[in-house]
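User: I'd like to learn how to read a few features of a model. Can you walk me through some?
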Amino acid sequence: MLTPQLNRHASSLLFCHGGSLPSGRGVPHGPAVMVRSKKTSKRSGVRSIRCALKEFRSSQAETDAVLAIKAVATVKVTVGGLLSNLGLPRGIDDVKDLLGKTLLLELVSTELDPKTGREKETVKAYAKKAKQHGDEIEYEASFKVPKDFGDIGGVFVVNEHRKEMFLEEIKLDASDHTATATTLTITCKSWVHSKSDNTDKRLFFVNKSYLPAQTPAGLRRLREEELEVIRGDGQGERKAFERIYDYDLYNDLGDPDHDVSKTRPVLGGSKEFPYPRRCRTGRPRSKKDPESETRSGFVYVPRDEAFSEVKSATFSSRTLRSALRAAIPSIQTAVIDAKLGFPHFNAIDSLFGDGLTLPKRQGVGFFQGLLPRLVNAITGGTQELLLFDSPEMIERDKFSWLRDEEFARQTLAGVNPYAIELIKEFPLVSKLDPEVYGPPESAITEEMIEEEINGVMTVHEAIENKRLFMLDYHDLLLPYVHKVRELEGTTLYGSRTIFFLTNDGTLRPLAIELTIPASATGPQWKQVFRPRRDATGAWLWRHAKSHVRAHDSCHHELISHWLRTHCCVEPYSIAAHRQLSEMHPIYRLLHPHFRYTMEINALARQALINGGGIIEISFSPLKYSMEISSVAYDQLWRFDMEALPADLIRRGMAVEDPTAEHGLRLTVDDYPFANDGLLIWSAIKQWVEDYVSHYYPDPSHITDDYELQRWWDEVRTEGHGDKKDEPWWPKLNTLESLIHTLTTIIWVASAHHAAVNFGQYGFGGYFPNRPSIARTNMPTEDAQKENFVRFLRKPEVSLLECLPSQIQATVVMAVLDVLSSHSVDEEYLGSELEAAWVKDPVIQRAYERFNGRIREIEGIIDSRNSDPKLKNRVGAGVVPYELMKPFSKPGITGMGIPNSVSI
Ligand SMILES: [Fe+2]
């Protein structure tokens, strides 16, 4: 009866202890494969309940041929849900529990009734609260199941408490007269709404995966109906207990009803501002701007997407929430002059030594409760102090940020390794309209470059030999320069920075060009700055680098990080929930990579990327920041270029080479992100290939899989609807294209995100190394005037005025600190085996192989970081490149690849 879902706890237990796993090198804390379900059966000799039933039949009279099945439903004690000690009084629920009428379970057969051809009657029983182990409470039910019921395919659950409950799993045990037993575990890990909120029953399918065409007859209708429920009807405002996945535009970033100056354009749904879709909340429309949705303290995400209090994995997210909602606004009020910069560099150092005294009026302990890692109580507990940890690069070498080589190294091994590109043609020419922006030719000349490289080769030879590289923030930023310059407290240029690949494999910056486009009142302005030894030239070079660093910070946060990972992954997840049944193998493959992404994005819309949010107050383009991410989506984002190999090839950082490892030859041999990233990419690809090949032995199964095809159609036409007609979308019609597509999605959600997320504090915590904003113009913009005179007299003060203000710096540091931190039970790539995969030995072996390879990669990265030939990752005071190391301890470690975008 439970045949397909035969419980393998005994074998899981062995597997969990890793006896057969390949041993990795240098893996101090890399976990072996772990099975998600914590429960392990004490029984061995597990076998099919159907077998039990057959034996049972042979020895019993036909008339009493029923099988006794015991169900144990495990419910987690949660902070706000059922069984909590908080919130509403539990009296009535407790009384109901005593009466045993709180949890109704119904067993669903996989078979149709052979006589009627219709679904069989379910078998119902109430589960009664039985025992508690720690934070888990067990409800037990007893069923008498008819002999001809067939295999169990799922369980309906009705929660008759007044509160929702978090259902961990349902375990079914069948016993017979020989006292042997079989078990079937259904992994739920889901919130079950209260019947008083919604009278619909919840259905949990068994852990076995089925392609749509293979769905047992008794489950086909239910499979379809479950998806219809999840898709919803697109009407009304969503409620917290619902689990409806639907799409909407980014029309809730502004807040015109409260403040007209916070009116923001809708992102998505237009030619001007194309954008991916977010999860629909259905909040009322704004009165002042009917195109926009009103904002509220509660932002709906489907119930199981919300950070769950049952896992400490969400600790960082909760810290971020409290930081954004309460701590940072309060810190802002502590600084009287919002424009005030740091008076000298020692004042910046004091953030890591003396700290920033926080306002008293909130009450002692207020900030410490919100930002426990950053806030200490002082002076006998009467005051609180905001004290930052010294970032690793400053710990290792306090002055490394001043070195040109470190500036260049971070383009290959820093937190934004997605921007550096090969220069393929010279001179550099803008693609923007010269009628609008002025002459397109760059002011960087061949003579300048040849002078900087001491004539060791001509520019032509340097191009030929692939020795010139660039950070190109010219065409992206130039259209926004005049608009941004009209805002108070900021400035902007278009920029190009040229690097030379030296013989030791490192990059050296040669020149920075800053440009202001032509306007109605003046011609185009552009200047080139180069490394200089004279005092004025050296300080101007530092200024110019600060502008480029601010441009790179914007590119990093708005594009490499927010747009390409957080924002673009959400539609894949929405579509997967709407179109792939929970019993679909591809749903089960992808689900771990979507965990908590919607919730972290909802939080970002509330306080990070919204009008007046942290990005808008602390990054150079201020209120135009999100528009720029829309422009980047329009001009640069293509699904097929999100695969790491394609991304590297597009930027000229690699060429295809069938003889090379991974089929790619890197243009810069020692490109730490690319070298380590390709190891991870290949490991993911192998795992996906093993998985997909198992479920789709024939390519026709892919094209015939209507759920899979609808999912991918919807990703293109709805989730990324503004790009639906682009020719580059892959078609899911071969094994290869399916593997490549899934590998790309998993790569983006895991390793791409980790590469640009977990080094944020390490590289940006000391903000002169990565200022989020450059606030003042270059002193040479008008060389006759006061600014230039002040610069000549006190260049350090002039530079500090350009860097972020005190409030901008501390707010960004506090946020980066939280964003860069791993939780205690973070779920890392390749570490946890989903309960559904335990059922299948082929998948289990494939996952073991994946885990083994991931652990091996960790060792390879360690050995690379101790190879003195690799100067982009090894050297005096150099931070090793560990962002692609798969596992991590909790906290800020600068390593670790979680499965999903969850912080
Ligand atoms: Fe992130």
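User: Let's start with the nonpolar core: which residues have the most contacts inside the largest one?

Analyst: A nonpolar core is a set of buried Ala, Val, Leu, Ile, Met, Phe, Trp, Tyr and Cys residues joined through C-beta atoms within 7 Å. Buried means 20 or more other C-beta atoms within 10 Å of a residue's own, with C-beta atoms placed from the backbone (12 or fewer is exposed, in between is partly exposed). Here the largest core has 234 residues, and Ala71, Ala73, Leu105, Ala323, Ile680, Ala814 and Val815 have the most contacts inside it. Helix α14 contributes the most, 16 residues. Bear in mind that this is a predicted model: local features need pLDDT of at least 70 and side-chain atom pairs 80 or more, while totals for chains, interfaces and linings use all residues. Numbering starts from 1 along each chain as its sequence is written.

User: What does Ala323 touch?

Analyst: Contact means C-beta atoms, placed from the backbone, within 7 Å. Leaving out residues up to four places away in sequence, Ala323 touches Ile328, Leu370, Leu371, Ala814, Val815 and Val818.

User: Back to α14: at what angle do the axes of α14 and α26 cross?

Analyst: Helices (H or I, at least four residues) and strands (E, at least two) are DSSP runs numbered from the N terminus. Axes are lines fitted to C-alpha atoms, for helices over the stretch in contact, with angles from 0 to 180 degrees between N-to-C directions. The axes of α14 (residues 535-579) and α26 (residues 795-802) come within 10 Å and cross at roughly 5 degrees. So α14 is roughly parallel to α26, a label for angles under 35 degrees. Trp539, Arg542, His543 and Ser546 of α14 meet Pro795, Leu799 and Cys802 of α26.

User: And sheets: what is the strand order in the open sheet of 5 strands?

Analyst: Strands of a sheet pair through backbone hydrogen bonds, either parallel or antiparallel. Pairing is counted when DSSP finds at least two bridges between two strands. The order here is β15-β16-β17-β18-β19, with antiparallel pairing. β15 (421-422) and β19 (525-529) are the edges, each pairing on one side only. β15 joins β16 (residues 468-473) over 2 antiparallel bridges, with Glu421 opposite Met470. α14 packs on this sheet, touching β16, β17, β18 and β19, at about 85 degrees to the direction of β18.

User: Is strand β6 mostly covered or exposed, and what does it pair with?

Analyst: Mostly covered: 6 of the 8 residues in β6 (residues 152-159) are buried. β6 pairs antiparallel with β3 (residues 103-109) over 7 bridges, where Leu104 faces Val158. β6 also pairs antiparallel with β9 (residues 202-205) over 4 bridges, and Val155 has Phe204 as its bridge partner there.

Notes: Angles under 35 degrees count as roughly parallel, over 145 as roughly antiparallel, 65 to 115 as roughly perpendicular and the rest as oblique. Two residues are in contact if their C-beta atoms, placed from the backbone, lie within 7 Å.
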